[in-house]
Amino acid sequence: MIEWFTWVQVAVAVAAGLLCLGLGLAGRVPNDLALGALALVELLLLAQLVVAIAAPAFGNHASGSVLEFYTYVVGALLLPPAAAFWALLERNRWSTVVLGVAALAVAVMVYRMLQIWTVQQA
Amino acid sequence: MSGIGRVLVAVYGVLALAAVGRSFVQIVSKFDQAPLAYSLSALAAVVYVLATIALVRAGRGWYRAAWATIGFEFTGVVVVGTLSVVFPELFPHDTVWSWFGRGYLFIPLVLPLLGMWWLAVHRPARHETDAA
């Protein structure tokens, strides 16, 4: 895991979450901006997955449980598509809020991944 | 289920995912260390999933199921939360409900209350009752 990249990822997910919460509470139905923000969050998660798979080959090993780490990765990867699917199915302000909830949940999960990788002792 | 209730369902879904994920890791990697705590974790995870489904589905049967699962969660978080504070030695391993769900930003404590409030103000209408 690359620490600065992970922090950027947490920041992007928080920003995307707050953006969608704001748009949703302002009464907007899911638009390109909201869905684009979630797509960016998902893209960064995929990048993180590639980094995590490659990292041990470069001597960068997880300090904590690898199983727990990947459970978080898989769980986090599921959230943006699920929320986006919902947003396309049911176009109202609350589905925009749901997009925000998903992005914020991803932020928390990425933070947990960082803890598992860097500070948790197996 | 409409309006802000959708957000409630989404948060339930996330919590269900978190509980299932954690329970999966505990059972696969260290079940023998604390079979009771981890079985409880698995049960809690299943109930969160059921509660999420029950909130989405319409009809009186699902409405009752939602009350039962959410009531179970609230009882769980209060009982296990209290026990974990008063007798920490009983719960040396984390569960979703330890310390009233502190590891999950207290969402396990707050969410059932919101869920019960939602159910109380959204009783199924009479025609739905007949259909169910």
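A pocket is here an open set of grid points where a 1.4 Å probe fits, with protein on both sides within 12 Å along at least five of seven lines. In this predicted model, the largest pocket has a volume of about 710 Å³, and the second largest pocket holds about 380 Å³ of space.

**Largest pocket**

- The lining of the largest pocket consists of 26 residues, and those nearest its centre are A:Val108, B:Gly103, B:Tyr104, B:Leu105 and B:Ile107.
- Helix H4 (93-118) of chain A and helix H1 (5-30) of chain B are the elements that contribute two or more residues to this lining.
- H4(A) supplies the largest share of the lining, namely 8 residues.
- By class, the lining of the largest pocket comprises 18 nonpolar, 4 polar and 4 charged residues.

**Second largest pocket**

- The second largest pocket is lined by 22 residues, with A:Glu68, A:Tyr72, B:Gly21, B:Arg22 and B:Val25 closest to its centre.
- Two or more lining residues come from each of helix H3 (66-89) and H4 of chain A, and H1 of chain B.
- H1(B) provides the largest share of this lining, with 9 residues.
- The lining of the second largest pocket is made up of 11 nonpolar, 6 polar and 5 charged residues.

**Packing of H3(A) and H4(A)**

- The axes of H3(A) and H4(A) come within 9 Å and cross at roughly 170 degrees.
- Angles over 145 degrees count as roughly antiparallel, and H3(A) and H4(A) are therefore roughly antiparallel to each other.
- On the H3(A) side, the residues that meet H4(A) include A:Glu68, A:Phe69, A:Tyr72, A:Leu79 and A:Trp86.
- On the H4(A) side, the residues that meet H3(A) include A:Val98, A:Leu99, A:Met109, A:Arg112 and A:Trp117.
- The contact of H3(A) with H4(A) has 19 nonpolar, 2 polar and 2 charged residues.
- A:Glu68 and A:Tyr72 take part in this helix contact and also belong to the residues closest to the centre of the second largest pocket.

**Contact between chains A and B**

- Chain A places 14 residues in contact with 14 residues of chain B.
- The two chains bury about 1,300 Å² between them, and 82% of this area is on carbon and sulfur atoms.
- A:Leu67, A:Trp86 and A:Trp94 are the chain A residues that lose the most area to chain B, together 39% of what that side buries.

Conventions. Residues numbered from 1 in each chain as written. Chains lettered and ligands numbered in written order. Predicted model: local features only at pLDDT ≥ 70, side-chain atom pairs only at ≥ 80, totals over all residues. Heavy atoms only, no water. 1 Å grid on protein atoms, 1.4 Å probe; cavity = no way out; pocket = protein on both sides within 12 Å on 5 of 7 lines; lining within 4 Å. Points joined across faces, edges and corners; volume = space filled by probe spheres on them. Helix = DSSP H or I, 4+ residues; strand = E, 2+ residues; numbered from the N terminus. Nonpolar A, V, L, I, M, F, W, Y, C, P; charged D, E, K, R; others polar. Axes fitted to C-alpha atoms, helices over the stretch in contact; angles between N-to-C directions. Parallel < 35°, antiparallel > 145°, perpendicular 65-115°, else oblique. Contact = heavy atoms within 4.5 Å. Buried area = accessible area lost by both parts, 1.4 Å probe.
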